[in-house]
Amino acid sequence: HPYEFRIQQLRGIERLVRENSDELSAAIQKDLGQGPMFCEAFDLSHVVSRTRYAQSQLRGWMAARRERTPFPVNLYLPIHSNVTPNPRGVALLMIPWNMPVQLTLNPLTEALAAGNVCVLKMSERSVHCTKLLTKLLIGGEYVDPRVVRVVNGGAEEATELLKQRFDVISYTGGEQVGRIVAQAAARHLTPILLELGGKNPVFVTKNAHIPSAALRVAWGKVTANTGQMCICPDYVLVDESVKKEFVDELCKVMDNMYPISSYSNNGEDRGDVGKMISAEHARRVVDLVDSTCEVIYGGRHHDVEDRFVAPTIVEATADSTVMREEIFGPVLAIVPVPDVEGAIQFVNEHFTSRAAHPLVMYIFSRSRKEQQRIMSCVPSGSCAINETIKQVANYHLPFGGVGASGMGAYNGRHGFRFFSHYWGTMTSGNTSTYRWDPSVWLITPPFNNWKLLTFRLMGKVHLLVDKLKSIIPVAKAVIPIALASACFRNPNILDALLELNLKTVLNWISQRI
């Protein structure tokens, strides 16, 4: 699709959110029990900012990029090499229920920006958001229905979709279904992006600013969709020397930010603590807290039938039930460790060794050495230091998993790249057939030792050129200094250079000799 058509679709998605923000917020509130602030700050505003960014950058993203042509290909002068992004074709976007608006419209924006035709499969669990988005997307008012189609339904419909051949598939969700999607894509050799989540560790070292760490961990666990985000902190590896201070601060922050009055099943419904997507999911989260861990905060005021799980903090070990799978709820596990090395060993022994790499890890430390040590020893999809959650809102950074937490990356330009096939083209303006033309003589039979020797010598030319290029930055700095020094010691040479008088320069040199 041409630039004008693509930009029209992106503007349509921006208008969709702006003109229907109240209805979208109401749908999110019905599905997830979240208030207006969450809907605006965590969901809708992200879509608007990304679509506006994509609009501002689209022409540059679509542009062909000139590349160098190396030896011996460049014998055929003149010759030009370019890389051009082309649409992959028909894209299947499989959307989860936990951030139903953002995780529908953000990948759709990137796929349409790349010029693809999109088939959306939204979650049947976020009933109200799916119904509203379906109406808005297929109506033709905001996006062209020829390039966006919606298929709704449950597992049966998803299974039937995966039997079809697509040119690219994007799936966000759990690891178990992700493996099914990957197997289905493999049957057609379809490129795939998997964003699967995992148990995201938080490292709190003895050099951390404890009040700051407690505030940001609590906020990232509860405010971030009541723990129902794949980037939420899952468990905290805290240095034993600061464990008590950290837990005390964490409990204090929980009381301040999420008092019982803000619980959506008790007192005024302010939406500061949202709901689980379903009663079944609420029961699963509550059942993770059993006798294998010790409750140190909360653990009460649950209302499973009303889909509400109260913020809870537990102290756990590697064998605790809460450590066996991604929590995906407002339960935070605290695991004491002796030091940074002990924390690294814990993650690598229980998770990294079986490729269960986290989608994100969080490090709270003011020591650059500790930060680098953890990042170099623990593989993860991405990392945030002294902060939680916010790194994914930076659309200049790639977002994606590694190992069991996913493959591929998207976000802004990185999403455009994933949904594009970068097509390499080379154009030669040399049509010579003259036998003594070097580009013809050197690489066409009959071959002999002279041709081989010439080929080897010419192959070393580009190595020499690369070495010369490497010293250019040094020369740019050294030559002016050397020239200034010479002019300071011999003022006459400056006059000669300014006059550009060859005779004067030669006279000056002869006098010195």
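This is a predicted model: local features need pLDDT of at least 70, side-chain atom pairs count only at pLDDT 80 or more; totals for chains, interfaces and linings use all residues.

Student: Why is helix H1 called roughly perpendicular to helix H2?

Tutor: The axes of H1 (residues 3–19) and H2 (residues 21–32) cross at roughly 70 degrees and come within 5 Å. Angles from 65 to 115 degrees count as roughly perpendicular, so H1 is roughly perpendicular to H2.

Student: Which residues make the contact between H1 and H2?

Tutor: H1 contributes Leu 16, Val 17, Arg 18 and Glu 19, while H2 contributes Ser 21, Glu 23 and Leu 24. By class, this contact has 3 nonpolar, 1 polar and 3 charged residues.

Student: What makes the pairing of strand E8 with strand E13 count as a pair?

Tutor: Two strands pair if there are at least two bridges between them. Strand E8 (residues 201–204) and strand E13 (residues 360–364) are joined by 3 bridges, and they run parallel; therefore they meet the condition for a pair. Within these strands, Phe 203 stands opposite Ile 363 of E13.

Student: How many bridges join E13 to E14?

Tutor: There are 4 bridges between E13 and E14, and these strands run parallel.

Student: What is the order of the strands in the open sheet?

Tutor: The 7 strands follow the order E10-E11-E12-E9-E8-E13-E14, with mixed pairing.

Student: Why are strand E10 and strand E14 called edge strands?

Tutor: Strand E10 (294–298) and strand E14 (382–385) each pair on one side only. On average, neighbouring strands of this sheet are turned by 20 degrees against each other, direction ignored. Helix H11 (residues 340–350) packs on the sheet, touching E8, strand E9 (235–239) and strand E12 (331–337). The direction of H11 makes about 150 degrees with that of E9.

Student: How do you know that E13 is mostly covered?

Tutor: A residue is buried when its relative accessible area is under 20%, and 5 of the 5 residues of E13 are buried. Val 360, Tyr 362 and Phe 364 point one way from the strand, whereas Met 361 and Ile 363 point the other way, and all are buried.

Terms used:
Residues are numbered from 1 along each chain as its sequence is written. Side-chain values use heavy atoms; hydrogens and water are left out. Helices (H or I, at least four residues) and strands (E, at least two) are DSSP runs, numbered from the N terminus. Axes are lines fitted to C-alpha atoms, for helices over the stretch in contact, and angles run from 0 to 180 degrees between N-to-C directions. Contact means heavy atoms within 4.5 Å. Angles under 35 degrees count as roughly parallel, over 145 as roughly antiparallel, 65 to 115 as roughly perpendicular and the rest as oblique. Ala, Val, Leu, Ile, Met, Phe, Trp, Tyr, Cys and Pro count as nonpolar, Asp, Glu, Lys and Arg as charged, and the others, Gly among them, as polar. Buried means under 20% relative accessible area, exposed over 50%, partly exposed in between (1.4 Å probe, protein chains only).
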